[in-house]
Amino acid sequence: MTDRKSSLVLPGPLLLVGAGKMGSAMLQGWLRMGVDPGLLYVVDPQPTPELKAELDKRSIPLNPSAMPEPRIVMLAVKPQILKPALAAISLHVGKGTLVISILAGATLGALDAGLPPRTAIIRAMPNTPAAIGRGVTVMAPNAEVLPEQKAFAARLMEAAGEVAWIGDENLMDAVTAVSGSGPAYVFYLAEAMAQAGVKAGLPPDLAAKLARATVSGAGELMHRSDLTPEVLRKNVTSQGGTTAAALEILMAPDGLEWLMNQAVHAAAQRSRELGRG
Ligand SMILES: NC(=O)c1ccc[n+]([C@@H]2O[C@H](COP(=O)([O-])OP(=O)(O)OC[C@H]3O[C@@H](n4cnc5c(N)ncnc54)[C@H](OP(=O)(O)O)[C@@H]3O)[C@@H](O)[C@H]2O)c1
């Protein structure tokens with residue numbers, strides 16, 4: 001479905017390199033935002049039949065042997081193949097090309113080292129809710145990125161949800177630990193709630209249904225509300241009630257906040273290690 005009001009006009013050809021989970025999610029988002037398929041090009045050595053059918057339907061070239069110089073290259077391959085992917089991209093990159101990388105741990109320095117000198121590069125970290133247009137992407141530009149390229153990159157990534165910028169690339173490890181890996185923490189919360197429900201006597205199917213609906217419903221409520229999570233929490237907590245009894249455990253000094261600190265610290269540390277290769 002195309003939303004005419006938010007139609008996204010590309011400044012020129014866009015080359016997507018790597019159309020796996022994230023690349024395909026972004027592609028779907030751009031098409032939903034009304035991007036001209038005539039400006040899209042995709043490189044992926046082993047596309048799924050669904051992707052191939054989608055590209056065929058819209059006449060989007062797959063693995064083209066030649067293409068006009070792209071204004072944007074979106075790099076969405078696995079970090080393990082960064083070097084060969086950059087070597088392949090470099091054949092297409094021109095003076096006006098902006099390269100956006102979503103590769104976890106690939107620093108601006110590592111990207112710059114594999115691309116022609118003075119290439120405009122943005123390092124971006126999206127998360128999996130991008131697949132339904134409800135992700136959040138944090139971006140860090142290098143010194144070559146022009147203001148209009150920054151503005152356009154933000155529009156492009158808004159197809160996957162919300163966007164935030166950081167000036168200090170070093171914050172990317174903490175970003176990865178909070179929003180990049182964060183969806184898994186929330187899924188685990190639903191798993192833990194279901195397990196606790198079973199231990200409290202509920203049939204497993206019902207416990208799983210209640211946990212899933214509660215986590216997704218509370219997430220949606222938070223998404224639609226202007227209130228902070230703290231106010232929303234207080235709104236469902238009456239003094240001396242059942243929620244207060246549970247929160248007393250969760251908010252103890254060695255409770256959820258302590259655990260979350262440990263978890264985020266571990267993820268950020270791992271992100272730093274991966275970045276060093
Ligand atoms: N998924 C997430 O939550 C998430 C969040 C933030 C950032 N990221 C980053 O996003 C990137 C992609 O992740 P993903 O989950 O989308 O991985 P993925 O599903 O494995 O997608 C990568 C795609 O690139 C293709 N590919 C392999 N070699 C290629 C080449 N030489 N040229 C072009 N395409 C090539 C792969 O094909 P084959 O399958 O045939 O190898 C696959 O379709 C990763 O670097 C990851 O760090 C992911």
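The shell around the ligand draws its largest share, three residues, from α1. Both α1 (21–32) and α3 (82–90) supply at least two residues each to that shell. Helices here are DSSP runs of H or I with at least four residues, strands are runs of E with at least two, and both are numbered from the N terminus. The shell holds 26 residues, and those that come nearest to the ligand are Gly 18, Gly 20, Met 22, Gln 46 and Ala 104. A residue is near a molecule or strand if its C-beta atom, placed from the backbone, lies within 6 Å of it. By class, the shell splits into 16 nonpolar, seven polar and three charged residues.

A word on the model itself. It is predicted, with local features needing pLDDT of at least 70 and side-chain atom pairs counting only at pLDDT 80 or more, while totals for chains, interfaces and linings use all residues. Residues are numbered from 1 along each chain as its sequence is written.

Now the overall layout. The chain has eleven helices and seven strands, and its C-alpha atoms fill a box of roughly 65 × 40 × 35 Å along the principal axes. Of its 277 residues, 29% count as buried, meaning that 20 or more other C-beta atoms lie within 10 Å of the residue's own; 12 or fewer makes a residue exposed, anything in between partly exposed, and the C-beta atoms are placed from the backbone. If you look at contacts between residues at least 6 apart in sequence, 65% of them join residues at least 24 apart. Two residues are in contact if their C-beta atoms, placed from the backbone, lie within 7 Å.

The chain divides into domain 1 (4–173) and domain 2 (182–275), with bounds that come from an automatic or database domain assignment. Seven residues from domain 1 and seven from domain 2 make up the contact. On the domain 1 side, the touching residues are two nonpolar, four polar and one charged. The two domain centres, taken over C-alpha atoms, are 33 Å apart.

On to the strands. β3 (residues 72–75) is covered on both faces, with Ile 72 and Met 74 buried on one side and Val 73 and Leu 75 on the other. β6 (residues 135–141) is mostly covered too: seven of its seven residues are buried. Gly 135, Thr 137, Met 139 and Pro 141 lie on one side of β6, and Val 136, Val 138 and Ala 140 on the other. The table lists the pairings of these two strands; a pair needs at least two bridges found by DSSP.

| Strands | Sense | Bridges | Residues opposite each other |
|---|---|---|---|
| β1 and β3 | parallel | four | Leu 15 and Val 73 |
| β3 and β4 | parallel | four | Val 73 and Val 99 |
| β6 and β7 | parallel | five | Thr 137 and Val 163 |

Val 99 also turns up in the largest nonpolar core, which has 52 residues. Leu 16, Val 17, Met 26, Met 74, Leu 75 and Val 99 have the most contacts inside that core. Such a core is a set of buried Ala, Val, Leu, Ile, Met, Phe, Trp, Tyr and Cys residues joined through C-beta atoms within 7 Å. In soluble globular proteins, nonpolar side chains tend to be buried together. Leaving aside neighbours within four places in sequence, Val 99 is in contact with Val 73, Leu 75, Ile 89, Val 93, Leu 111, Leu 115, Thr 119, Ala 120 and Ile 121.

Pro 11 sits in the segment before β1 (14–17) and counts as partly exposed because it has 13 C-beta neighbours inside 10 Å. Not counting residues up to four places away in sequence, Pro 11 touches Arg 71 and Phe 152. Pro 11 and Gly 182 are 171 residues apart in sequence, and their C-alpha atoms are 33 Å apart in space.

Ser 65 is in the loop between α2 (49–57) and β3. With 5 C-beta neighbours inside 10 Å, Ser 65 counts as exposed. Val 43 is 22 residues from Ser 65 along the chain, and 9.9 Å separates their C-alpha atoms.

Definitions and conventions. Ala, Val, Leu, Ile, Met, Phe, Trp, Tyr, Cys and Pro count as nonpolar, Asp, Glu, Lys and Arg as charged, and the others, Gly among them, as polar.
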